[in-house]
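Reader: I have a model open and a few things to ask about it. Can we go through it bit by bit?

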Amino acid sequence: MNKKEMALELLGEVLNELDKPNGKVAISVQKLSRATELLDEKELLAWTKIQLADPEYILPLQKLFVSVNELQENGVVNLNYENPKVKVILDPIISLNISTKDLNKFYQFKSVESSGGLNSIGFIEQKIDILAKSKKGNDQTYYITNLQEHLEYIKVYTYKIATKLFNQLKFEGTTQSSFDILRIAVDDKLLDINPEIAEQLMIAFKNSTSNNKEELSQVLTTCRRLLEKLADTLYPATDEVINGRTFKPNQYINRLWRFMDINIQSDSNKDLAKAHIDLLGSWLQKSYALTCKGVHSDVSQLETTKTVFHIYLLLADILEFIQPNARQEKISINQASLDELEAVLGVSRKVAKEIIKARVKLGSLSEKDFSEIEGIGSKVLNIAKENFIF
């Protein structure tokens with residue numbers, strides 16, 4: 001067996017492990033690491049080594065984060081390699097083949113101790129299990145919600161990379177179809193907006209060729225839930241009534257329509273996107289009713305495949321009109337919980353409580369009020385301005 005065949009076998013094992021209900025992400029990352037080493041994929045290998053807490057990669061990153069903190073204290077919040085100040089501190093890690101393309105998101109998880117920081121993926125999974133069994137949300141250092149978000153980021157990225165490499169090796173020498181180009185582009189954009197939705201879509205695509213009627217029916221149910229979550233992300237439910245349409249939690253089609261009305265200026269593009277959502281809404285509603293009754297005989301592989309293809313076409317229509325900086329809605333500093341303040345701001349429990357006390361005393365906090373709280377320096381103020389609304 002040559003290196004490519006060994007890598008292909010490992011990548012298949014990665015995908016199978018991630019598809020299991022209780023599959024271990026740590027096992028998947030270890031196998032992905034061996035596969036990327038066999039394939040000489042240096043950047044991807046570096047990413048896996050970081051998730052496995054290899055000291056060769058962790059020590060330079062610890063120094064990097066100290067430098068980044070200093071930059072942020074001086075008002076530099078965009079970790080872009082084109083920024084000369086950032087480039088100077090990133091140069092030492094380039095030789096390790098650590099990608100700087102998604103440094104902001106990477107830094108979001110790896111620099112925060114409550115999310116697991118630079119600990120290994122095995123440690124993060126183990127800590128989540130311990131906190132879940134103890135029925136506590138945190139142990140004063142690690143917070144289960146933050147750990148789970150970090151784990152989800154690693155899981156989705158592992159799945160994406162393993163799928164991409166698996167397909168490259170399996171179909172090496174064949175021409176990439178137009179749909180593959182569109183699918184990869186949509187997967188990449190969706191990962192930035194909502195990794196959970198991206199993961200569901202990739203799994204639905206993978207399972208759409210199944211010969212099992214029940215599995216095909218489940219794919220359609222997944223597609224319906226996917227659209228519901230997408231609507232929740234792009235246009236949350238409201239009590240408003242516009243042109244006779246309402247936008248309640250269960251009216252995800254109306255809410256996606258409303259998002260398109262606001263964001264797509266071209267009537268032809270808008271009409272095409274709405275045609276896709278109407279077609280999908282009608283078919284998915286029918287399949288949902290059949291699934292609830294336990295009827296799977298009417299679900300065909302062809303119809304399931306068409307539905308998944310239309311989902312990708314619809315998402316291609318929608319994602320084109322989403323501005324990268326407007327994808328994640330900030331919450332008000334006056335609505336943030338004690339845990340959120342501590343985790344996001346990176347402050348102690350004592351300082352987080354002082355913020356809550358000041359908020360209660362004043363009714364609400366302005367930026368000036370916040371800056372005057374004991375324990376709040378320029379660094380924390382910058383983080384707060386970046387992550388919360390005043």
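**Backbone and rings**

Author: Lys135 has a relative accessible area of 77%, so this residue is exposed. Bear in mind that the model is predicted.

Reader: Where does Lys135 lie?

Author: Lys135 sits in the loop that runs between helix 7 (121-134) and helix 8.

Reader: And what is phi of Lys135 near?

Author: Phi of Lys135 is near 60 degrees, which is a positive value in a residue other than glycine.

Reader: Now Ala53. What is its phi near?

Author: Ala53 has a phi near 60 degrees, a positive value, and Ala53 is not glycine.

Reader: Where is Ala53 found?

Author: In the loop between helix 3 and helix 4 (55-73). Ala53 is at 26% relative accessibility, so it counts as partly exposed.

Reader: Change of topic. How many aromatic pairs does a search of the whole structure find?

Author: The search finds 8 aromatic pairs. One of them is Trp47 with Tyr153: the ring centres are 6.5 Å apart and the planes are at 75 degrees, so this pair is edge-to-face.

Reader: Which helices do Trp47 and Tyr153 lie in?

Author: Trp47 is in helix 3 (residues 42-51) and Tyr153 is in helix 8 (residues 144-170), so the pair ties together parts that are 106 residues apart in sequence.

Reader: Is Trp47 buried or exposed?

Author: Buried, because Trp47 has 9% relative accessibility and the cut-off for buried is under 20%. Tyr153 is at 8% relative accessibility and so counts as buried.

Reader: What about the rings of Trp47 and Tyr157?

Author: Their centres are 4.6 Å apart and their planes are at 40 degrees, so that pair is tilted. The pair of Trp47 in helix 3 and Tyr157 in helix 8 links distant parts of the chain, 110 residues apart.

Notes. Residues are numbered from 1 along each chain as its sequence is written. This is a predicted model: local features need pLDDT of at least 70, side-chain atom pairs count only at pLDDT 80 or more; totals for chains, interfaces and linings use all residues. Side-chain values use heavy atoms; hydrogens and water are left out. Rings of Phe, Tyr and Trp (its six-membered ring) pair if their centres lie within 6.5 Å; planes under 30 degrees apart count as stacked, over 60 as edge-to-face and the rest as tilted. Helices (H or I, at least four residues) and strands (E, at least two) are DSSP runs, numbered from the N terminus. Buried means under 20% relative accessible area, exposed over 50%, partly exposed in between (1.4 Å probe, protein chains only).
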